[in-house]
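Work through the exercises below with the sequence and the model open. Try each task before you read its solution.

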Amino acid sequence: MNDAHLHIIVNHFPIIGTIFGIGILITGVFLNNNSVKNTSYVLFIVAAIFGALSMGTGEGAEEMVEDFPNIGKAIIHEHEELAEKFALVLYVTGVFALISFVASMKKFRLAKIFSFITLVLALLAGIISINVGTSGGEIRHTEIREDGSSKIVNDTDSAETELNKK
């Protein structure tokens with residue numbers, strides 16, 4: 001197993017975990033249920049850990065695929081820049097989720113405020129995650145690129161073009 005394979009395995013959970021965590025935290029706040037909120041905090045913490053694993057495998061994945069046809073360094077660089085921003089917000093969200101979890105368990109009076117801070121950070125992470133996921137998908141799924149570079153020319157296409165000219 002190489003870094004590209006590991007990256008593909010771990011890179012989905014930070015995004016999916018954040019999205020599920022947001023839904024669960026909103027439900028917990030709405031219901032004023034600490035158990036539900038604590039579930040979301042654990043999801044955010046795990047998402048942050050997987051975010052670190054994703055960042056750790058990203059460079060190796062880049063080295064393996066940057067010279068593949070129809071990929072190039074520019075699209076990977078864009079994904080890397082977005083991923084760094086997402087990781088930073090995700091790490092802060094994870095730290096606040098841990099603080100919120102402890103505050104909730106110890107029944108601190110500031111637990112509600114920490115809960116709302118965690119929610120705002122998670123919403124920001126969720127918004128950034130959309131762009132990170134899309135840019136990561138565009139690396140290998142050329143059909144979703146906005147610039148229309150989904151056409152992959154190969155030998156079969158070239159042969160068909162030559163036949164059509166005659």
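A contact means heavy atoms within 4.5 Å. This is a predicted model: local features need pLDDT of at least 70, side-chain atom pairs count only at pLDDT 80 or more, and totals for chains, interfaces and linings use all residues. Residues are numbered from 1 along each chain as its sequence is written, and side-chain values use heavy atoms, with hydrogens and water left out.

**Exercise 1. The whole chain**

Describe the elements of the protein chain, its contacts and its surface.

Solution. 
- Step 1: Take helices (H or I, at least four residues) and strands (E, at least two) as DSSP runs, numbered from the N terminus. The protein chain has 6 helices and 0 strands. Their order is α-α-α-α-α-α.
- Step 2: Take the contacts between residues at least 6 apart in sequence. Of these, 70% join residues at least 24 apart.
- Step 3: The accessible area (Shrake-Rupley method, 1.4 Å probe; for residues, only the protein chains shown count as cover) is about 10,000 Å² for the protein chain, and carbon and sulfur atoms hold 66% of that.
- Step 4: Sort residues by relative accessible area: buried is under 20%, exposed is over 50%, partly exposed is in between (1.4 Å probe, protein chains only). Of the 166 residues in the protein chain, 38% are buried.

**Exercise 2. Helix α1**

Find which residues of α1 are buried, and where they point.

Solution. 
- Step 1: Helix α1 covers residues 3-10, and Ala4, His7 and Val10 are buried there.
- Step 2: Look down the axis of α1. The buried residues fall within an arc of 140 degrees (taken from the directions from the helix axis to the C-beta atoms), so they line one face of the helix.
- Step 3: Recall the geometry. An α-helix has 3.6 residues a turn, so residues three or four places apart point the same way.

**Exercise 3. The aromatic pair**

How many aromatic pairs does the structure hold?

Solution. 
- Step 1: Rings of Phe, Tyr and Trp (its six-membered ring) pair if their centres lie within 6.5 Å; planes under 30 degrees apart are stacked, over 60 edge-to-face, and the rest tilted. The structure holds 1 aromatic pair.
- Step 2: The ring centres of Phe13 and Phe50 are 5.1 Å apart and the planes stand at 45 degrees, so the pair is tilted.
- Step 3: Phe13 sits in helix α2 (residues 13-31) and Phe50 in helix α3 (residues 34-65), so the pair ties together parts 37 residues apart in sequence.
- Step 4: Phe13 is partly exposed at 27% relative accessibility. Phe50 is partly exposed at 28%.
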